[in-house]
Amino acid sequence: MSEWQPIETAPKDGRTIIVYRSIAGWDVLGTAYWVNIRGIDGWISNGFSEPPGNLGLGHPTHWQPLPLPPPPEVK
């Protein structure tokens, strides 16, 4: 898997990426994609696990690409 990169370098073309954010000492991971709708833009994200209070990942600090999917099964 790739190394973590600053969120400022993340692609803003709608593809889904893995994101990270530290919230009150919790390491929070999830997926996100960038949107720009009617001049409003930002990350739409879902956490893999979230700290108490459901703080979410609206402002991730780091990212990396999704890994490649597994190869198809051969029958």
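Me: How many strands form the sheet, and in what order?
Reply: Strands of a sheet pair through backbone hydrogen bonds, either parallel or antiparallel. In this predicted model, five strands form an open sheet with antiparallel pairing, in the order E1-E5-E2-E3-E4. Strand E1 (5-6) and E4 are at the edges with a single partner strand each, so one side of each has no neighbour in the sheet. Strands (E, at least two residues) and helices (H or I, at least four) are DSSP runs numbered from the N terminus, and two strands pair if DSSP finds at least two bridges between them.

Me: On what basis are residues numbered, and which limits apply to the values?
Reply: Residues are numbered from 1 along each chain as its sequence is written, and side-chain values use heavy atoms, with hydrogens and water left out. Because the model is predicted, local features need pLDDT of at least 70 and side-chain atom pairs count only at pLDDT 80 or more, while totals for chains, interfaces and linings use all residues.

Me: Which residues of E3 and E4 are bridge partners?
Reply: Strand E3 (residues 26-37) and strand E4 (residues 40-47) run antiparallel and are joined by eight bridges. Asn36 has Asp41 in E4 as its bridge partner, and Ala32 stands opposite Ser45 in E4.

Me: Which strands does E2 pair with?
Reply: Seven bridges join E2 to E3, and the two run antiparallel; Val19 has Gly30 in E3 as its bridge partner. E2 is also joined to strand E5 (residues 62-65) by four bridges, again antiparallel, with Tyr20 opposite His62 in E5.

Me: Is E2 enclosed or open to the outside?
Reply: Five of the seven residues of E2 are buried, so E2 is largely enclosed by the rest of the structure. Buried means under 20% relative accessible area, exposed over 50%, and partly exposed in between, with a 1.4 Å probe and protein chains only.

Me: Which residues make up the largest nonpolar core?
Reply: In soluble globular proteins, nonpolar side chains tend to be buried together. A nonpolar core is a set of buried Ala, Val, Leu, Ile, Met, Phe, Trp, Tyr and Cys residues joined through side-chain atoms within 4.5 Å. Here the largest core has eight residues: Ile7, Ala10, Ile17, Val19, Ala32, Trp34, Trp43 and Trp63. Strand E2 (17-23) and E3 are the elements that give two or more residues to this core.

Me: How many aromatic pairs does the structure hold?
Reply: A pair of aromatic rings is described by the distance of the centres and the angle of the planes. Rings of Phe, Tyr and Trp (its six-membered ring) pair if their centres lie within 6.5 Å; planes under 30 degrees apart count as stacked, over 60 as edge-to-face and the rest as tilted. The structure holds two such pairs. Trp4 and Tyr20 form a tilted pair, 5.9 Å centre to centre with 50 degrees between the planes. Trp4 lies in the segment before E1 and Tyr20 in strand E2, so this pair ties together parts 16 residues apart in sequence. The rings of Trp34 and Trp43 have centres 5.0 Å apart and planes at 75 degrees, so that pair is edge-to-face. Trp34 and Trp43 are buried.

Me: Which residues form a nonpolar patch on the surface?
Reply: Patches are made of residues with over 30% relative accessible area and no salt bridge; like charges are joined within 9 Å, and nonpolar side chains (Val, Leu, Ile, Met, Phe, Trp, Tyr) within 5 Å. Trp4, Leu29 and Phe48 form such a patch, with about 310 Å² of accessible area together. Areas come from the Shrake-Rupley method with a 1.4 Å probe, and for residues only the protein chains shown count as cover. Trp4 is partly exposed at 38% relative accessibility; Leu29, in strand E3, is partly exposed at 34%.

Me: Which side chains meet in a salt bridge?
Reply: Side chains of opposite charge can pair when their charged atoms come close. A salt bridge is a side-chain nitrogen of Lys or Arg within 4 Å of a carboxyl oxygen of Asp or Glu. A search of the whole structure finds one, between Asp13 and Arg15 (2.7 Å, N to O). Arg15 is partly exposed at 47% relative accessibility.

Me: Where is Ala24 found, and what is the phi of Arg38?
Reply: Most residues other than glycine have a negative phi. Ala24 is found in the loop between E2 and E3; these strands form a hairpin with two residues between them, and Ala24 in the turn has a positive phi of about 50 degrees. Ala24 is exposed, at 74% relative accessibility. Arg38 has a positive phi near 55 degrees and lies in the loop between E3 and E4. Arg38 is exposed, with a relative accessible area of 82%.
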